[in-house]
Amino acid sequence: MSPQGKPAIQAEPGSVVPEAQSAGEAADSIVEHVQWAVSAWPQIDPEVEGIVSRVDKIDRYLKNAFRASLGQAGLTKEEWKVILALSRGVRSHGWLCRDLDVSTGAMTNRLDKLEDRGLIKRAPDPEDRRGVLLELTDGGRARLEEYIDAGASKEIELLSGLSLAEKRDLNALLSKLLGSLQQREPDPRC
């Protein structure tokens with residue numbers, strides 16, 4: 001029984017809390033958390049808890065790097081999303097709102113700021129008198145390239161602790177996990 005009186009769910013046979021690392025490998029900061037969680041709630045599968053906790057911690061490192069790279073390029077996350085969407089071609093205001101899941105008012109504010117900074121330009125939509133088409137300017141493309149350079153460099157640095165073979169193995173496992181999640185429910189919008 002768990003501390004809350006619920007029946008304990010046992011981990012798969014052979015599942016262990018990853019406390020003992022092979023020679024030369026340092027234990028990460030999640031090991032202690034997993035040991036504590038499993039001792040407090042025996043129904044927790046230590047392998048699942050380790051994966052979930054590590055993915056969360058890695059996500060924080062990646063998001064911090066993302067924000068730093070955006071700052072280097074002088075962009076906010078919201079501006080970057082618009083610029084990235086427009087890097088694929090000319091888009092309408094409505095298309096951007098739907099694709100980025102943003103209200104028309106919020107999108108208009110973003111577009112006004114980007115246009116004022118010379119990163120995008122608006123043109124009348126020849127197929128819709130009320131519509132506007134949006135595209136990146138050369139300055140917008142340069143700003144996106146600046147972010148991509150900074151971001152790619154930082155991501156390579158963050159993953160430098162893995163060999164090429166390990167990166168491929170990790171990609172394969174993450175792809176398998178993501179595929180199984182996407183079969184169960186639609187992609188979350190966040």
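1. Start with F66. Leaving out residues up to four places away in sequence, F66 touches K77, W80 and Y147; contact means heavy atoms within 4.5 Å. F66 sits in helix 2. Its relative accessibility is 18%, so F66 counts as buried. The cut-offs are these: buried is under 20% relative accessible area, exposed is over 50%, and partly exposed lies in between, with a 1.4 Å probe and protein chains only. F66 and Y147 stand 81 residues apart in sequence, yet their C-alpha atoms are 9.1 Å apart in space.

2. A word on the basis. This is a predicted model, in which local features need pLDDT of at least 70, side-chain atom pairs count only at pLDDT 80 or more, and totals for chains, interfaces and linings use all residues. Residues are numbered from 1 along each chain as its sequence is written, and side-chain values use heavy atoms, with hydrogens and water left out.

3. The overall layout. The protein chain has 7 helices and 3 strands. Both are DSSP runs numbered from the N terminus: helices are H or I with at least four residues, strands are E with at least two. Along the sequence the pattern reads α-α-α-β-α-α-β-β-α-α. Of the 190 residues, 24% count as buried. Among contacts in the chain with a separation of 6 or more, 52% come from residues 24 or more positions apart. The chain exposes about 13,300 Å², and carbon and sulfur atoms supply 54% of that area. Areas come from the Shrake-Rupley method with a 1.4 Å probe; for residues, only the protein chains shown count as cover.

4. What is its span? Helix 6 covers residues 138-158, 21 residues in all, and reaches 30 Å from first C-alpha to last, close to the 30 Å expected at 1.5 Å a residue. The expected span is 1.5 Å times one less than the number of residues.

5. Which residues of helix 6 are buried? They are G140, L144, Y147, A150 and G151. The face turned away from the buried side carries exposed D138, D149 and I156.

6. T137 lies in the loop between strand 3 and helix 6. With a relative accessible area of 14%, T137 is buried. A polar atom of the T137 side chain lies 3.0 Å from the backbone nitrogen of G140. Neighbours within four places aside, T137 is in contact with G118, L119, I120 and K121.

7. Three strands form an open sheet in the order 1-3-2, with antiparallel pairing. Strand 1 (91-92) and strand 2 (120-125) are at the edges with a single partner strand each, so one side of each has no neighbour in the sheet. Two strands pair if DSSP finds at least two bridges between them.

8. Strand 3 (residues 128-136) is joined to strand 1 by 2 bridges. It is joined to strand 2 by 6 bridges. A hairpin links strand 2 to strand 3 through 2 residues. Look at L133 in strand 3: L133 is the bridge partner of S92, and A123 also stands opposite L133.

Definitions and conventions:
A polar contact is a pair of N or O atoms within 3.5 Å; within protein, one must be able to donate a hydrogen and the other to accept it, and residues adjacent in sequence count only if both atoms are side-chain atoms.
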